[in-house]
Amino acid sequence: MLLIRCPYCEQDRPELEFRNMGEAHIARPAFADNPTDEVWEGFLYTRSNPKGLIAERWRHVHGCARFFNAVRHTVTDKFVKTYKQGEPKPDLAALAAELAAATPSNTEARA
């Protein structure tokens with residue numbers, strides 16, 4: 001079972017208390033710009049879907065019921081960081097480099 005840290009409750013709670021709400025930091029097109037169908041399609045359906053770190057929006061449904069953002073590794077499902085709504089998106093490349101430096105490589109593990 002995954003444990004997810006809610007930045008508002010400041011507790012590690014089981015994943016069953018949370019709901020994934022998709023990729024975080026997606027900018028909604030401005031109505032004043034009269035967006036085309038292609039722009040709306042991109043906003044509604046196109047996501048980055050990387051192999052590695054991604055910033056996602058989550059909701060603590062069975063706790064404080066608040067929305068927050070989390071950086072999660074899509075291969076391992078490990079939560080690297082959680083942060084409150086409105087806080088800036090962390091530098092995913094820098095976080096990935098920190099994780100790579102902290103994780104021993106397969107060749108080092110076999111030695």
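**Note on the salt bridges**

1. D12 has a relative accessibility of 44%, so D12 counts as partly exposed; buried here means under 20% relative accessible area, exposed over 50%, and partly exposed in between, with a 1.4 Å probe and protein chains only. The model is predicted, and local features need pLDDT of at least 70, side-chain atom pairs count only at pLDDT 80 or more, and totals for chains, interfaces and linings use all residues. Residues are numbered from 1 along each chain as its sequence is written, and side-chain values use heavy atoms, with hydrogens and water left out.

2. D12 pairs with R5 in a salt bridge whose closest N and O atoms are 3.5 Å apart. The term requires a side-chain nitrogen of Lys or Arg within 4 Å of a carboxyl oxygen of Asp or Glu, and this rule gives a count of four salt bridges. R5 is partly exposed, because its relative accessible area is 38%.

3. A salt bridge also joins E56 to R72, with 2.7 Å between the closest N and O atoms. This pair links distant parts of the chain: E56 lies in strand β4 (residues 53-59) and R72 in strand β5 (residues 67-73), 16 residues apart. Strands (E, at least two residues) are DSSP runs, numbered from the N terminus. Both E56 and R72 are buried.

4. R72 has another partner, D77, in a salt bridge with the closest N and O atoms 2.5 Å apart. D77 is partly exposed because its relative accessibility is 33%, whereas R72 has a relative accessible area of 13% and is therefore buried. Through shared partners, salt bridges connect E56, R72 and D77 in one network.

Notes:
Helix = DSSP H or I, 4+ residues; strand = E, 2+ residues; numbered from the N terminus.
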